[in-house]
Amino acid sequence: MEHAGNSVHIVDTTGERTVPGTQSVARAARLLRLVTGAGDAGLSVAELAGRADLTRPTAHRLLAALGREGLVDQDERTGRWIPGPELYLMGKVAASRYDITGIARDIVRSLAVRTEESAFLSVRRGDETVCLLREEGSFPIRSFVLSEGVRFPLGVASAGLAILAFLPSHDVDAYLERHPDLARTWGAAHGEQRLRTRLQETTSRGYALNPGLIVEGSFGLGAAVFDREGHPQWALSLTGVQFRFGPDRLVELGRTLLAHAHQLTTRVAASSR
């Protein structure tokens, strides 16, 4: 701790000054992600507190503050918290720079038609991927692991595995250092060494494979989509039941997925994103 006049600054172990209020901002952001992830159904204070690892009074205080700013609303009938109008307005502004759903929708639809499996577009947001688009395939048996708004840590679902695999090695190292608990949360298959092996397999193949590691019997394929600077910012993916992803068909699905991902990358390069 160091003093400057009448003010006090807290110094962390690296010698850098912490910014007052950063913990509150991080907690509020976590609540916002949970509320938006729940969509119109919303979540109760108790549910939000539990998922955000906060006490109920702290969660309520932060939600009330977010509500005053219009970022969340509380349903008068159910008492559950739902996204507020300011999020919509902010999203409209941000979409002009970050949203590629307009130029991707027909590609996602084509991928679903060609493969008969459910097809998705996901975007990287920090250390997670968020599903933006879902297009149902025609095959009657489907996997429902992923839907619009669902988040997964990088390296867990096939989309996040594809993105993580094509990040610079130092970014991969830093990510794994930040998330040493992946195996505890998502199973032993997500331990560092096994995850690094899958990352190497992904770069070698060009696409990621998730062989039922999230839900048993539900397979996923993911291919990275790159921005104009060559960074993996999005991913196209497919999910389906295990018997539809046999060795022979897997090669065909991977080839089709990569072709659609390349098409979308080309469109992104031609746009302003």
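In what order do the strands of the open sheet of 6 strands run? The order is β7-β6-β5-β10-β9-β8, and the pairing is antiparallel. As you look around, keep in mind that this is a predicted model.

Now select the edges of the sheet, β7 (151-153) and β8 (208-211). Each has a single partner strand, so one side of each is left without a neighbour in the sheet. Going from one strand to the next, you will find a twist that averages 30°.

Next, select β9 (residues 218-226) together with β10 (residues 232-241): this antiparallel pair is joined over 9 bridges. Click on A223 and look across to β10, where L236 stands opposite.

For the last stop, show α5 (residues 101-115) with helix α10 (residues 247-270). The two pack at an angle of about 165°, with their axes 10 Å apart. Angles over 145 degrees count as roughly antiparallel, and α5 and α10 are therefore roughly antiparallel to each other. The crossing of α5 past α10 is right-handed.

Which residues meet here? On the α5 side, select residues including I103, I107, L111 and R114; on the α10 side, those to pick include L253, L257, H260 and L264. The residues of this contact comprise 8 nonpolar, 5 polar and 4 charged ones.

Definitions and conventions
Residues numbered from 1 in each chain as written. Predicted model: local features only at pLDDT ≥ 70, side-chain atom pairs only at ≥ 80, totals over all residues. Heavy atoms only, no water. Axes fitted to C-alpha atoms, helices over the stretch in contact; angles between N-to-C directions. Helix = DSSP H or I, 4+ residues; strand = E, 2+ residues; numbered from the N terminus. Parallel < 35°, antiparallel > 145°, perpendicular 65-115°, else oblique. Left-handed = near helix turned anticlockwise from the far one by under 90°. Contact = heavy atoms within 4.5 Å. Nonpolar A, V, L, I, M, F, W, Y, C, P; charged D, E, K, R; others polar. Pairing = 2+ DSSP bridges.
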